[in-house]
Amino acid sequence: MFLGIWEPLNKRNETWHYRWWWLPSANAPTPVWHEVGTAIPPYVFPPGEIPLHAENGPAWATGSAAGVMVYDKDKSIK
(Lines give C-alpha, C1' and ligand atoms only; values in the text may rest on other atoms or scores of the structure.)
Protein backbone atom coordinates (compact mmCIF):
# COMPACT_ATOMS: atom_id res chain seq x y z
CA MET A 1 0.00 0.00 0.00
CA PHE A 2 1.22 3.52 -0.81
CA LEU A 3 0.43 6.77 0.96
CA GLY A 4 1.33 10.21 -0.39
CA ILE A 5 1.20 13.23 1.91
CA TRP A 6 1.16 16.78 0.46
CA GLU A 7 3.36 18.90 2.74
CA PRO A 8 5.46 22.08 2.72
CA LEU A 9 9.11 21.68 1.76
CA ASN A 10 10.20 24.73 3.77
CA LYS A 11 8.98 26.55 6.87
CA ARG A 12 7.56 29.50 4.91
CA ASN A 13 5.22 27.19 2.93
CA GLU A 14 6.59 28.53 -0.36
CA THR A 15 7.29 25.14 -1.93
CA TRP A 16 5.25 21.97 -1.49
CA HIS A 17 5.93 18.33 -2.31
CA TYR A 18 4.47 14.86 -1.88
CA ARG A 19 6.24 12.64 0.64
CA TRP A 20 5.51 8.98 -0.20
CA TRP A 21 5.37 5.96 2.11
CA TRP A 22 5.15 2.20 1.37
CA LEU A 23 3.56 -0.46 3.58
CA PRO A 24 4.83 -3.87 2.40
CA SER A 25 2.24 -5.87 4.35
CA ALA A 26 -0.91 -4.71 6.09
CA ASN A 27 -1.15 -8.21 7.61
CA ALA A 28 2.16 -7.99 9.51
CA PRO A 29 1.85 -8.25 13.31
CA THR A 30 3.37 -4.75 13.61
CA PRO A 31 3.05 -3.00 10.22
CA VAL A 32 5.96 -0.67 9.43
CA TRP A 33 5.74 2.18 6.92
CA HIS A 34 8.89 2.84 4.84
CA GLU A 35 9.59 6.20 3.25
CA VAL A 36 9.82 5.90 -0.55
CA GLY A 37 10.87 9.46 -1.35
CA THR A 38 9.47 12.80 -2.37
CA ALA A 39 7.99 14.18 -5.55
CA ILE A 40 8.37 17.87 -6.32
CA PRO A 41 5.95 19.32 -8.91
CA PRO A 42 5.36 18.68 -11.73
CA TYR A 43 5.79 15.08 -10.47
CA VAL A 44 3.15 13.44 -8.29
CA PHE A 45 5.12 10.25 -7.56
CA PRO A 46 8.93 10.21 -7.29
CA PRO A 47 10.31 9.88 -10.84
CA GLY A 48 12.10 6.75 -12.07
CA GLU A 49 12.14 3.26 -10.63
CA ILE A 50 11.90 3.18 -6.82
CA PRO A 51 13.44 0.09 -5.15
CA LEU A 52 11.19 -1.66 -2.61
CA HIS A 53 11.78 -4.51 -0.18
CA ALA A 54 8.74 -6.77 -0.60
CA GLU A 55 7.71 -10.03 1.11
CA ASN A 56 8.50 -12.03 -2.04
CA GLY A 57 11.89 -10.42 -2.65
CA PRO A 58 13.01 -7.19 -4.23
CA ALA A 59 10.57 -5.16 -6.30
CA TRP A 60 10.37 -1.77 -7.96
CA ALA A 61 7.64 0.84 -8.19
CA THR A 62 6.94 3.44 -10.81
CA GLY A 63 4.04 5.85 -10.75
CA SER A 64 2.29 8.98 -11.90
CA ALA A 65 -0.84 10.97 -11.12
CA ALA A 66 -2.88 8.02 -12.42
CA GLY A 67 -1.47 5.33 -10.10
CA VAL A 68 1.48 3.20 -9.04
CA MET A 69 2.73 -0.06 -10.56
CA VAL A 70 4.91 -2.55 -8.66
CA TYR A 71 6.91 -5.22 -10.50
CA ASP A 72 9.69 -7.71 -9.75
CA LYS A 73 13.14 -8.06 -11.33
CA ASP A 74 11.67 -9.83 -14.37
CA LYS A 75 9.33 -6.83 -14.95
CA SER A 76 6.25 -8.93 -14.17
CA ILE A 77 3.52 -6.98 -12.39
CA LYS A 78 2.87 -7.87 -8.73
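A: Strands (E, at least two residues) are DSSP runs numbered from the N terminus, and two strands pair if DSSP finds at least two bridges between them. The model is a predicted one, in which local features need pLDDT of at least 70 and side-chain atom pairs count only at pLDDT 80 or more, while totals for chains, interfaces and linings use all residues. Residues are numbered from 1 along each chain as its sequence is written, and side-chain values use heavy atoms, with hydrogens and water left out.

Q: In what order do S1, S2 and S3 form their sheet?

A: Strands of a sheet pair through backbone hydrogen bonds, either parallel or antiparallel. Here an open sheet of 3 strands has the order S1-S2-S3, with antiparallel pairing. Its edges are S1 (2–8) and S3 (34–39), each of which pairs on one side only. From one strand to the next the twist averages 25°, where axes are lines fitted to C-alpha atoms and angles run from 0 to 180 degrees between N-to-C directions.

Q: How many bridges join S2 to S3?

A: S2 (residues 16–22) is joined to S3 by 5 bridges. Arginine 19 has threonine 38 as its bridge partner in S3.

Q: Which residues make up the largest nonpolar core?

A: A nonpolar core is a set of buried Ala, Val, Leu, Ile, Met, Phe, Trp, Tyr and Cys residues joined through side-chain atoms within 4.5 Å. Buried means under 20% relative accessible area, exposed over 50%, and partly exposed in between (1.4 Å probe, protein chains only). The largest core has 10 residues, among them Trp20, Trp22, Val36, Phe45, Ile50 and Val70. S2, S3, S4 (50–54) and S5 (57–64) each supply at least two of its residues.

Q: What is phenylalanine 45 in contact with, beyond its neighbours within four places in sequence?

A: Contact means heavy atoms within 4.5 Å. Leaving those neighbours aside, the contacts of phenylalanine 45 include Phe2, Trp20, Val36, Ile50, Ala61 and Ser64.

Q: Why is serine 64 classed as partly exposed?

A: Serine 64, in strand S5, is classed so because its relative accessible area is 40%. Leaving aside neighbours within four places in sequence, serine 64 is in contact with Val44 and Phe45. Its C-alpha atom is separated by 7.2 Å from that of tyrosine 43, 21 residues apart along the chain.

How values were computed
Helices (H or I, at least four residues) and strands (E, at least two) are DSSP runs, numbered from the N terminus.
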